[in-house]
Amino acid sequence: MITRKRLATGACALLAALSVALLPTGAAADEPAAKESPKVELVLDVSGSMRAKDIDGKSRMAAAKQAFNEVLDAVPEEVRLGIRTLGADYPGQDRKRGCKDTRQLYPVGPLDRTEAKTAVATLAPTGWTPIGPALLGAADDLGEDGATKRIVLITDGEDTCAPLDPCQVAREIAAKGIHLVIDTLGLVPDAKTRQQLTCIAEATGGTYTSVHRTEDLSRRVKQLVDRAADPVVTPVATQGTARCDKAPQLKPGLYTDRESFGEHRWYRVDLLPGQELRASVSVSADRAVNNDYGVLLRAVTLHGREIVRGSEAGDGRTDVISTGLRYPKPEADDGPGDAKPAAETVCLQVSNSFSAPPSVKTTPGMPVELTVDVVDGPSTASDVASFGLGRGWWLLGVLVLAGFLAGLLWGWLSRWRVAVWRTN
């Protein structure tokens, strides 16, 4: 009898232990899910046209290999990277076979830099340009999990495998809702290539960049791979005004707008003492424009006094032009009681000097991307704005006073010398 009771008691205890083990504990339920590593796949065009020698005096393929080696050395540890090629294997004229010529050169996962570089080194310009099939393959390579996913397409020509339109492929990928962004880079592109690559990028919220130098290719791919490792920031649509007092109030973040040719648009940002405003703007030339253009970003007070400015100009074909500025506001003197220091309203003016040929439509305006960030200001003066040139007349006043005192001293010395000469 006692033995049976002990067995029953032991069985109940075992069932209770199993029940507790199977049920999620409060601590485990409260723990956040582990963040999945971001994924990037570089899709490289290895078609026959990549033999052209028009990038820094060497072939497009050589420039791409050099850029890839530099990018692979700088890939963040948390990024899972893969490489896919298009047009790398079939050299013949059979269009049906040529349009299937895409394969994964290096699988998406933890990066072995030596192995990846060796795989890229074996590539030689070969066949067709099946961009649509390559994008579909890259989307499958990245999967449909919750990780941040980005495709970086590098090509020197438009797709040669119609009717599979790569722009429509990009729209279908975006419609899946898997949060996959496609960025495109055109190597010395013509107008048709530029139009197609822009359409692919815009369909998924990506960017298009025209590349004419190896250095630009390497730098841009690095930026896009690093961007995959950063939290995804969704741009907020806003609309600047013609006057600062009517301008929208912006918080730190990324904003989009459209600006007509030669237009000025205003935005406002509040800045507390001890904080630093960092702002940048990019204007995209999404259509044909005339040579000689520029963009200006100014920070001014509500009364119209300029604080600091950033500007950039160019001459020739461009796809995007950017500039930025920094304005550190000094700490306020301690006021009476516990009164909080008042914020200063800084007006940001975005202007452009683009113009277009008569045959080009000027509406809608060109895309504008405005980044606003407010951080703790520097503890010591490290730039012109901190020293005072950007905020007002302090330095000018000091120079005027120093000049006045120097003039008085020089005049007194001159009179003393004349008096001594007359006496002697």
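Among contacts in this protein between residues at least 6 apart in sequence, 75% join residues at least 24 apart, where contact means heavy atoms within 4.5 Å. This is a predicted model, in which local features need pLDDT of at least 70 and side-chain atom pairs count only at pLDDT 80 or more, while totals for chains, interfaces and linings use all residues. Residues are numbered from 1 along each chain as its sequence is written, and side-chain values use heavy atoms, with hydrogens and water left out. The protein has 11 helices and 15 strands; these are DSSP runs numbered from the N terminus, with helices being H or I of at least four residues and strands being E of at least two. Of the 424 residues, 42% are buried. Here buried means under 20% relative accessible area, exposed means over 50%, and partly exposed lies in between, using a 1.4 Å probe and protein chains only.

**Helix 3 and helix 5**

- Helix 3 (residues 60-73) packs with helix 5 (residues 113-121) at an angle of about 170°, and their axes are 10 Å apart. The axes are lines fitted to C-alpha atoms, for helices over the stretch in contact, and the angles run from 0 to 180 degrees between N-to-C directions.
- That angle makes helix 3 roughly antiparallel to helix 5. By the cut-offs, under 35 degrees is roughly parallel, over 145 roughly antiparallel, 65 to 115 roughly perpendicular, and the rest oblique.
- Helix 3 contributes K65, F68, N69, L72 and D73 to the contact, and helix 5 contributes R113, A116, K117, V120 and A121.
- Sorted by class, the residues of this contact are 5 nonpolar, 1 polar and 4 charged. Ala, Val, Leu, Ile, Met, Phe, Trp, Tyr, Cys and Pro count as nonpolar, Asp, Glu, Lys and Arg as charged, and the others, Gly among them, as polar.

**The two sides of helix 5**

- A116, A119 and V120 are the buried residues of helix 5. They cover an arc of only 100° around the axis, so they sit on the same side of helix 5; the arc is that of the directions from the helix axis to the C-beta atoms.
- As background, an α-helix has 3.6 residues a turn, so residues three or four places apart point the same way.
- T114 and A121 are exposed on the other side of helix 5.
- The packing partners of the buried residues of helix 5 are helix 3, strand 2 (80-86) and strand 3 (102-109).

**Helix 7 and helix 8**

- Helix 7 (residues 166-175) and helix 8 (residues 191-203) pack at about 5°, with axes 8 Å apart, which means that helix 7 is roughly parallel to helix 8.
- P166, C167, A170, R171 and A174 of helix 7 meet Q196, C199, I200 and A203 of helix 8. This contact has 7 nonpolar, 1 polar and 1 charged residues.
- E172 also lies in helix 7, and E172 is partly exposed at 43% relative accessible area. E172 and L136 are 36 residues apart in sequence and 9.6 Å apart in space, C-alpha to C-alpha.

**R60 and V188**

- R60 belongs to helix 3 and is buried, with a relative accessible area of 11%.
- Leaving aside residues up to four places away in sequence, R60 touches S49, M50, A52, D54, I55, D156, L187 and V188.
- V188 lies in the loop between strand 5 (180-187) and helix 8 and counts as partly exposed at 24% relative accessibility. Phi of V188 is near 45°, a positive value in a residue other than glycine.

**An aromatic pair**

- A search of the whole structure finds 1 aromatic pair. Rings of Phe, Tyr and Trp (its six-membered ring) pair if their centres lie within 6.5 Å; planes under 30 degrees apart are stacked, over 60 edge-to-face, and the rest tilted.
- Y293 and F354 form this stacked pair, at 5.2 Å centre to centre and 5° between the planes.
- The pair links distant parts of the chain, with Y293 in strand 11 (residues 293-300) and F354, 61 residues apart from it, in the loop between strand 14 (344-352) and strand 15 (366-376).
- Y293 is buried at 7% relative accessibility, and F354 is buried at 3%.

**Backbone points to check on screen**

- T363 and P364 are joined by a cis peptide bond, with omega about -5°. P364 is in the loop between strand 14 and strand 15.
- D292 has a phi near 65°, a positive value in a residue other than glycine. D292 lies in the loop between strand 10 (275-284) and strand 11 and is exposed at 52% relative accessibility.
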